[in-house]
Amino acid sequence: MLQKEIQLAVDKGEMLPLMEEFYTIQGEGYYTGTAAYFIRVGGCDVGCHWCDVKESWNADLHPPTAIEHIVTNAKKYAETVVVTGGEPLSWNMLPLTTELRRQDLRIHIETSGAYEVTGEWDWFCLSPKKTKLPTQSAYDIANELKIIIHNKHDFHFAEEQAAKVNSNTILFLQPEWSKKEEMTPLIVDYVMHHPKWRVSLQTHKYLNIP
């Protein structure tokens, strides 16, 4: 394909800047411990200083890949697909989710919600960031709210975000990995005093898996 054709396909969501794809065990949140095929899409301008996949930020580093190729690989391994990034909603997700649904796959997303929601999702994990807050469309459909706790002020941020999601959203607090020894005891105490929240841990890092 010519460069202009590739860019047009990316703009339409028919190709995506694919950073990596892999089959593993879900490490965080509601579906911790379950098998899933992860599709990591490049490109993110939210800019979290503690992000552990900063190499995903520059979409130009990751080759535009046809969604048919991505879906074919996913179908080989799993019944559940998790689309993550980067920030996947910075691209049009509808073509990808349409093709995944045609293969009868369950489709999850992990997103900051900083862009308007595109695509059709069976599970919507919203992880807001202070640097670029979610759109209303993301708050409205969130199945799961996951707040990363890096310092004590993040508990206040968590409550602000919890007030914006729908009443059925499941609420999680997760220690930022580099501060886990300091923050985990505070999270445990907070959840015990505010039981609407649950604890999430990055169990894949403890298991030493992707």
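This is a predicted model: local features need pLDDT of at least 70, side-chain atom pairs count only at pLDDT 80 or more; totals for chains, interfaces and linings use all residues.
Local features were taken at pLDDT of at least 70 and side-chain atom pairs at pLDDT 80 or more, while totals for chains, interfaces and linings use all residues. Residues are numbered from 1 along each chain as its sequence is written, and side-chain values rest on heavy atoms, with hydrogens and water left out.

Helices (H or I, at least four residues) and strands (E, at least two) are DSSP runs, numbered from the N terminus. Two strands pair if DSSP finds at least two bridges between them. Nine strands form an open sheet with mixed pairing. Their order is β3-β1-β2-β4-β5-β6-β7-β8-β9. The edges are held by β3 (64-66) and β9 (197-199). Each has a single partner strand, so one side of each is left without a neighbour in the sheet. From one strand to the next, the twist averages 30°. Axes are lines fitted to C-alpha atoms, for helices over the stretch in contact, and angles run from 0 to 180 degrees between N-to-C directions.

Strands β1 (residues 15-25) and β2 (residues 35-41) run antiparallel and are joined by seven bridges. Leu18 has Val41 of β2 as its bridge partner. Strands β7 and β8 pair in the parallel sense, over six bridges. Here Glu144 is partnered by Ile170 of β8. Helix α3 (residues 94-102) lies across β1, β4 (80-85) and β5 (106-111). The helix runs at about 150° to β5. Contact means heavy atoms within 4.5 Å.

Strand β8 is mostly covered, with six of its six residues buried. Buried means under 20% relative accessible area, exposed over 50%, and partly exposed in between (1.4 Å probe, protein chains only). Ile170, Phe172 and Gln174 are buried on one side of β8. Leu171, Leu173 and Pro175 are buried on the other.

A cavity is a set of points where a 1.4 Å probe fits but cannot get out. A pocket is an open set with protein on both sides within 12 Å along at least five of seven lines. Lining residues have an atom within 4 Å of a point. Grid points are joined across faces, edges and corners, and a volume is the space filled by probe spheres set on the points.

The largest pocket holds about 800 Å³ of space. Its lining comprises 39 residues, with Glu28, Arg40, Asp52, Val53 and Thr84 nearest the centre. Elements giving two or more residues to this lining are β1, β2, β4, β5, β7 (144-149), β8 (170-175) and α7 (203-207). The largest share, four residues, comes from β1. By class, the pocket lining has 16 nonpolar (Ala, Val, Leu, Ile, Met, Phe, Trp, Tyr, Cys and Pro), ten charged (Asp, Glu, Lys and Arg) and 13 polar residues (the others, Gly among them).

One cavity of 30 Å³ or more is present. The largest cavity has a volume of about 80 Å³. Its lining has 13 residues, and Gln26, Glu110, Trp123, Cys125 and Glu144 lie nearest its centre. Strands β5, β6 and β7 each give two or more residues to the cavity lining, and β5 gives the largest share, three. The cavity lining divides into six nonpolar, three polar and four charged residues.

Tyr115 sits in the loop between β5 and β6 (123-126). This residue is partly exposed, with a relative accessible area of 24%. Leaving aside residues up to four places away in sequence, Tyr115 touches Asp45, Glu87, Leu89, Ser90, Lys132 and Thr135. Tyr115 and Ser137 are 22 residues apart in sequence and 8.7 Å apart in space, C-alpha to C-alpha.
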